[in-house]
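Please look through the sequence and the structure below.

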Amino acid sequence: MVEQVLKRCNNLGFSAHRFFLWAKRIPGFEHSVISYQILVDILGSSKQFAILWDFLIEMRESHSAEISPEVFWLVFRAYSRANLPEDAVRAFNRMVEFGIKQGVQDLDQLLYVLCKRKHVRHAQKFFDKVKIGFELNAKTYSILMRGWGDIGDSNEARKLFDEMLKGGCKVDVLAYNSLLEALCKGGHANEAYKMFREMGSNGVDPDAGTYSIFIRAYCEANDMHSAFRVLDRMRRYDLLPNVYTYNCIIKKLCKNERVDEAYQLLDEMIERGVKPDAWSYNAMQAYHCDHSEVNRALKLISRMEKDNCMPDRHTYNMVLKLLIRIGRFDRATEVWESMGERRFYPSVSTYAVMIHGLCKKKGKLEEACKYFEMMIDDGIPPYTSTIELLRSQLLGLGFLDHIEILADKMERSTSCSVHDLENMMRGEKTFKTSRSEEKDLESD
């Protein structure tokens, strides 16, 4: 129970800490090791670093729970996410204060979280400083090579590969894949292919990940002939691409108006035991919606259900936007009502699709208000742009009483976030549309 409550306090570090201390005082109760780790994660994600270190020191002094390397991995991740790479490095150096001798696994975790957040230069600088004290393996080098590839610097990735060879470190397929991906991302696909040809002579067999790197690179370059050539080679060697690689091809086929081939690839995925995800179907759904293919769009939703892949908010938002745009309000209502049957519950973006779309249609303002009220009843705070649009439309038609009704409903909401926006509906306060809100409205 305590673990579940703590998980609900995500990003509420101060509150989570107080609850943890309160629970600790209950006679006969002891927190689990997982509870300690959850609180460390919450304090880190909410950037309560001072409380976090006090908590770790208290753990050390009271011996209430073991401070494992995994606890520090959470601290590394928190600092990296907060764009504080130097503090992540300092946390690594402080492990010895808590009785932990740093090993190569801890170094790998630090480098991984730094590179994941694009702090590759900090990761490389620290690696160069401490590498002499660790027995390094291909995984450590692979993490850094992949990091350099992600920021488009294949030269640095190549230097690491050469250093690994020179140092006598055994090169494995993961190391090769990291360099090949870095080269492809840096626009050096020909050099990558040359290295790929050398793998066998160096005692390393390519795996499915190796071939998938080239498929993704060819898709990025819109060279579908080469992408399918690599895919055919994988079929011959009985190597299975993962769902991400299949999705790259499907998405590019749809962008090139080859949606029927995309469906064939979807069928192949299922036949070969690769379970498609929502992105697999949404690439085709985007094509149908862009081309106003209502029947095929609705048929695809049914197929998703049949294939045990539930439509997500992107699926519904695209289809609802299409149906409202072309005036098929009856079908939009059917889709909306079917969402609950599929256990999908609309979020703010799905409500926004309905309200914004209906506001732009003649005679549909009252229906837009209905969806707005439903959103308020669900306790979902609307986008500021949604409030502004609806208020503007109602003012333009002189429906001042409707504005008051909606504002009163917002004021009575049990959701504080909804309640705080009622002044905006009354026109007494203005808010700037956030970038995330703009992205949500444009993306589907």
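**Salt bridges and their places**

Glu334 and Arg331 sit three residues apart in helix 20 (residues 329-341), so about one helical turn separates them. Helices here are DSSP runs of H or I with at least four residues, numbered from the N terminus. The model is predicted: local features need pLDDT of at least 70, side-chain atom pairs count only at pLDDT 80 or more, and totals for chains, interfaces and linings use all residues. Residues are numbered from 1 along each chain as its sequence is written, and side-chain values use heavy atoms, with hydrogens and water left out.

**Charged pairs**

- Side chains of opposite charge can pair when their charged atoms come close.
- A salt bridge is a side-chain nitrogen of Lys or Arg within 4 Å of a carboxyl oxygen of Asp or Glu, and the count comes to 31 salt bridges.
- Glu334 and Arg331 meet in one of these, at 3.3 Å from N to O.
- Glu334 is partly exposed at 46% relative accessible area, and Arg331 is partly exposed at 21%; buried means under 20%, exposed over 50%, and partly exposed in between (1.4 Å probe, protein chains only).
- Lys185 forms a salt bridge with Asp150, with the closest N and O atoms 2.6 Å apart.
- Lys185 lies in helix 11 (residues 173-185) and Asp150 in helix 9 (residues 138-150), so the pair ties together parts that are 35 residues apart in sequence.
- The side chains of Asp408 and Arg426 also meet in a salt bridge, at 2.9 Å from N to O.
- Asp408 lies in helix 24 (residues 400-411) and Arg426 in the loop between helix 26 (422-425) and helix 27 (435-443), so this pair joins parts 18 residues apart in sequence.
- Asp408 is partly exposed at 28% relative accessibility, whereas Arg426 counts as buried at 17%.
- Salt bridges that share partners join Arg146, Asp150, Glu181, Lys185 and Arg216 into one network.

**Aromatic rings**

- The whole structure holds 17 aromatic pairs.
- Phe76 and Phe92 form a tilted pair, 6.0 Å centre to centre with 45 degrees between the planes.
- Rings of Phe, Tyr and Trp (its six-membered ring) pair if their centres lie within 6.5 Å; planes under 30 degrees apart are stacked, over 60 edge-to-face, and the rest tilted.
- Both Phe76 and Phe92 are buried.
- Ring pairs also link Tyr193, Phe196, Tyr211, Phe214 and Tyr237 into a cluster.

Conventions. Helix = DSSP H or I, 4+ residues; strand = E, 2+ residues; numbered from the N terminus.
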